Amino acid sequence: MNQTRQILFDEPGPRARRRIRIATVLGAVVLAGAVVAAVRQFASHGELAAERWEPFTTWPIWRYLLTGLWATVRAAAATAVLSAALGLLLALGRLSARRPLRWAAGAYVEIFRTVPALLLIYVTLFALPQYGMNFPLFWKLVVPLVVSNSAAFAEIFRAGILALDRGQTEAGLAVGLRRGQVMALVVLPQALLQLAPSLVSQLVGLLKDTSLGFVVSYTELLYSGQVLSSYTHLLIQTFLVVALIYLVVNASLSKFARVLQARNGRLTGRRGRRTADLPPPLTEGTTVR
Amino acid sequence: MDALTTHLSELGHGLVTTVELTVVTTVGAMLLGIAVATLRIAPVPLLRAIGTAYVEVLQNLPLLALLVLFVFALPTIGISFPLFTSAAIVIAAYEGAYLAEAIRAGINTVGVGQAEAARAIGLTFGQSLRHVILPQGLRAVIQPIGNICIALLMNTSLAAAVGVVELTQAANNVNLLEAQPIAVFTGAGLAYMLLALIIGQVTGLLERRLAIVR
């Protein structure tokens, strides 16, 4: 970050400082113009009136939205636990010495990495009931999300395991551990520590995915907003508040991921371990959603 | 299998809509991504803050919440577009944040000496970005950008939730008529996999042609 800032410009001289000041003023004017335009747009349609925002200072409305948030958290937690466990198994499968296992796990990951979660949700909503598999509402959301997120988790775990120095595995084998033991006692503990930031980032993606509850009619946060707005007719207010809640929760998680990343950087800096091959956190690059 | 052949035109329309949405959005998101990445490395603190805020907000909101906000709520303050346009704007804005981060990562890989050399021969910020930094930075992140494009393809399916009849919605409609879920949804899934495969192949080709081996 600091490095990039310095790359493209020197310490500003008098003329550059003047230009920076001008750009700042211009930027501020454009920003202020956008805010004014937005406020006028709200005001001219009567959406700024106090009584259209007042409900969001009352407890019953917040209790309803927070109940929705709790449902989001529960769905996200269930999805996270199940898809992380499944993802780990798939990653181990892809790295296994047995060809059929490698092939099956690879096929699963490649298929579900490139099929949209919404399509899987439609399958659980409209296809599976015909074959007598009618899950409760909660699982209609969680099962498809687990299926698609486990593929993403598998790729994260695999990248992390492969990024670990081979010498670790070789040393484990040299002291007489079996392959399974090497994986469980030597490789995984180190890989997981390295992967913590990526896993937390994936958690943000997964929490965002639970908004698909909107399609399933599972009353998580977004669908709660929908239900609420159909009662109160406060459409834009409700959805802005819902967006704000998502923003606060996810930004905290992202921040946590960055803290973990910085801490890992310090740890590995001291021990000089290889980190270059790790998937960078907070980008969609490695974990296709 | 009948369901697929008798409703080929509906599914075909859906597929075309998905492809259109993906192409339009990719171009928009790419331009936006370059613009935001530029903001984030600009010498002006305010512009950097705007770029950072954009990325933070858009990466931490669910795409579906943005779509719902844009399609259902904005008309109440008099802002509305055709459905396809709305979906394209929102998805481009959302993926633009991810692309901006990928591009910024690419810019970070360009050696400091390159930028210093560019400044030494008298290029301005914009010139050194356009002629020296971006051409190298973008080449370093072709693979991540390709992965984001595949994610974008999958995310276009969310437009179905606000009423755009693209591939996912078309498949669902056909299934509701024909009640042949296995054939219909497998077909749609295969179409998505094929599109993702094409994006992956194009990315691989570009990577081989353009990437700089350091």
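The model is predicted, so local features are described only where pLDDT is at least 70 and side-chain atom pairs count only at pLDDT 80 or more, while totals for chains, interfaces and linings use all residues. Residues are numbered from 1 along each chain as its sequence is written, and chains are lettered from A, with ligands numbered from 1, in the order in which they are written.

**Stop 1: chain A as a whole**

The chain has 11 helices and zero strands, and its pattern along the sequence reads α-α-α-α-α-α-α-α-α-α-α. Of the 289 residues in chain A, 38% are buried; a residue is called buried if 20 or more other C-beta atoms, placed from the backbone, lie within 10 Å of its own, exposed if 12 or fewer do, and partly exposed in between. Two residues are in contact if their C-beta atoms, again placed from the backbone, lie within 7 Å, and among the contacts in chain A between residues at least 6 apart in sequence, 76% join residues at least 24 apart.

Next, select residues 69-257 of chain A, which an unreviewed UniProt entry annotates as "domain: ABC transmembrane type-1". UniProt positions are given here in the numbering of this model, feature names are shortened, and annotations may be inferred rather than shown by experiment. The span is 84% helix and 0% strand, and its end C-alpha atoms lie 21 Å apart.

**Stop 2: where the two chains meet**

Show both chains and look at the side of chain A that touches chain B: 54 residues of chain A are in contact with 56 residues of chain B. The elements of chain A that give two or more residues to this side are α1 (2-7), α2 (14-44), α5 (117-127), α8 (179-209), α9 (213-216) and α11 (235-271). Which element gives the largest share? That is α11(A), with 10 residues. By class, this side of chain A has 34 nonpolar, 14 polar and six charged residues, where Ala, Val, Leu, Ile, Met, Phe, Trp, Tyr, Cys and Pro count as nonpolar, Asp, Glu, Lys and Arg as charged, and the others, Gly among them, as polar.

**Stop 3: the largest nonpolar core**

A nonpolar core is a set of buried Ala, Val, Leu, Ile, Met, Phe, Trp, Tyr and Cys residues joined through C-beta atoms within 7 Å. The largest one has 131 residues, and those with the most contacts inside it are Leu118(A), Leu64(B), Ala65(B) and Leu67(B). The helix α5(B) gives the most to this core, with 14 residues. Select Leu67(B) and, leaving aside neighbours within four places in sequence, find its contacts with Ala87(B), Val90(B), Leu158(B), Ala159(B), Ala161(B) and Val162(B).

**Stop 4: helices of chain B**

Stay with helix α5 (residues 83-109) of chain B and select Arg104(B). Is this residue buried or exposed? Arg104(B) counts as buried because it has 22 C-beta neighbours inside 10 Å. Not counting residues up to four places away in sequence, Arg104(B) touches Ala37(B), Arg40(B) and Ile41(B).

Then move to helix α7 (residues 125-140) of chain B, which bends by about 50° at Ile133(B), with a proline, Pro135(B), following within four residues; the bend is the angle between axes fitted to the seven residues ending at a residue and the seven starting there. The buried residues of α7(B), among them Phe125(B) and Leu129(B), pack against α2 (8-41), α5 and α6 (112-120) of chain B.

**Stop 5: the annotated spans of chain B**

The unreviewed UniProt entry annotates residues 21-43, 63-94, 140-162 and 182-206 of chain B as "transmembrane region". Select 63-94, which is 72% helix and 0% strand, with end C-alpha atoms 7 Å apart, and then 182-206, which is 100% helix and 0% strand, with end C-alpha atoms 36 Å apart.

Finally, select Ala179(B), in the loop between α9 (167-178) and α10 (181-210) of chain B. Although Ala179(B) is not a glycine, it has a positive phi of about 55°, and with 12 C-beta neighbours inside 10 Å it counts as exposed.
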